[in-house]
Amino acid sequence: MDPLLRPGHSAPCLPSALGAPHADVFDRLDARSSAFGVHQGAADKASKSTAGGPVQAAFSPYQDNGGSVVAVAGKDFCVVASDTRFGLGYSIPARKVSRNLILTDQVVLATAGMQADTSTLHKVLRTRLRMYQQNHGKPMSLPAVAQMLGNTLYYKRFFPYYTFNVVGGVDESGEGYVYGYDAIGSNEKVKVVCTGAAQSLIQPVLDNQVDGKQLQMGAAPPAPLSLQQTVDLVKDCFSSAGEREIYTGDFVEICKITQTGVEVELFELKLD
């Protein structure tokens with residue numbers, strides 16, 4: 001191995017054009033940069049001297065654009081909702097960005113996380129749904145959509161979509177179900193799920209009010225909610241979360257799914 005590439009080793013017999021011997025290739029590059037008029041800044045020199053080595057720049061292909069998504073299933077309906085705030089650091093570039101995608105007349109997807117990956121994922125899913133429709137002559141069922149999304153996310157597991165998804169709808173028997181996903185496709189079929197920026201604020205409320213978890217000793221479980229009661233509960237959850245979570249706010253896009261189709265409602269939150 002070339003001694004120039006081995007830190008800590010001297011490099012004897014260097015050509016005189018390169019100047020005095022240097023300990024490693026990084027010092028040689030510094031010397032050449034100086035010869036061509038490229039100088040390190042004081043901060044770079046200080047960090048290199050304190051760290052004992054060269055400074056390495058970092059790059060991340062991901063960014064979190066916030067957003068919160070919720071799905072609640074009932075006996076013969078499902079509600080899928082998401083806020084429309086597009087966050088970037090401490091700024092709000094846009095206030096009306098839809099995170100919901102109506103896949104079929106009985107299935108809706110909502111996605112939080114990085115908006116660029118969200119757009120790409122939705123485009124891929126729309127294409128696969130169109131191909132399925134043309135090949136089989138019928139739309140995908142809720143379980144089929146849930147499996148397709150899991151496979152799509154898992155396929156990208158080595159460079160995953162930075163998205164956090166929920167799928168909700170009614171199955172062929174007319175009963176509502178929802179599926180919650182992580183970034184690489186692991187999923188769970190449940191009756192209520194929340195993910196995104198306000199997950200820690202909304203999920204405990206839904207667990208208690210819908211699933212009857214964390215009840216006081218001897219307390220009766222909550223009665224099943226109607227469609228309108230579920231919509232009102234979702235609105236309350238987003239209103240409360242918007243007061244405490246800076247990446248959640250502006251509007252809530254609510255999809256009410258029944259066997260007759262999908263109805264969309266826009267609910268306004270505080271615009272601050």
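Biologist: What sort of model are we looking at, by the way?

Modeller: A predicted model, where local features need pLDDT of at least 70 and side-chain atom pairs count only at pLDDT 80 or more, while totals for chains, interfaces and linings use all residues. Residues are numbered from 1 along each chain as its sequence is written, and side-chain values use heavy atoms, with hydrogens and water left out.

Biologist: OK, back to D250. Which side chain does the one of D250 meet in a salt bridge?

Modeller: That of R95, at 2.5 Å from N to O. A salt bridge here is a side-chain nitrogen of Lys or Arg within 4 Å of a carboxyl oxygen of Asp or Glu.

Biologist: And where do R95 and D250 lie?

Modeller: R95 is in the loop between β4 and β5, and D250 is in the loop between α6 (227–244) and β11 (251–258), so the pair ties together parts that are 155 residues apart in sequence. Helices (H or I, at least four residues) and strands (E, at least two) are DSSP runs, numbered from the N terminus.

Biologist: Is R95 buried or partly exposed?

Modeller: R95 is partly exposed, with a relative accessible area of 33%.

Biologist: How many salt bridges does the count come to?

Modeller: Nine salt bridges by that rule. One of them joins the side chains of R99 and D83, at 3.8 Å from N to O. R99 sits in the loop between β4 (91–94) and β5 (100–102) and D83 in strand β2 (residues 78–83), so this pair ties together parts that are 16 residues apart in sequence. Both R99 and D83 are buried.

Biologist: Switching topic: what order do the strands of the five-stranded open sheet come in?

Modeller: The order is β10-β1-β2-β11-β12, with antiparallel pairing. Two strands pair if DSSP finds at least two bridges between them. β10 (192–196) and β12 (261–268) stand at the edges with a single partner strand each, so one side of each is left without a neighbour in the sheet. On average, neighbouring strands are turned by 15° against each other, direction ignored.

Biologist: How many bridges join β11 to β12?

Modeller: Eight, and those strands run antiparallel. β11 and β12 form a hairpin with two residues between them.

Biologist: Which strands does helix α6 touch?

Modeller: α6 packs on the sheet and touches β1, β2, β11 and β12, with its direction at about 20° to that of β2. Helix α5 (residues 199–209) lies across β1 and β10, running at about 175° to β10. Contact means heavy atoms within 4.5 Å, and the axes are lines fitted to C-alpha atoms, for helices over the stretch in contact, with angles from 0 to 180 degrees between N-to-C directions.

Biologist: What about disulfides, how many are there?

Modeller: Zero, going by the rule that a disulfide is a pair of cysteine sulfur atoms within 2.5 Å. For C78, the nearest cysteine sulfur is that of C255, 9.6 Å away. C78 is buried with a relative accessible area of 0%, and C255 is buried too, at 1%.

Biologist: Last one: how many aromatic pairs does the structure hold?

Modeller: Three. Rings of Phe, Tyr and Trp (its six-membered ring) pair if their centres lie within 6.5 Å; planes under 30 degrees apart count as stacked, over 60 as edge-to-face and the rest as tilted. Ring pairs link Y62, F159, Y162 and F164 into a cluster. Y162 and F164 are edge-to-face, 5.5 Å centre to centre with 75° between the planes. Y162 counts as partly exposed at 26% relative accessibility, and F164 is partly exposed at 25%.

Conventions
Buried < 20%, exposed > 50% of the residue type's maximum accessible area, 1.4 Å probe, protein only.
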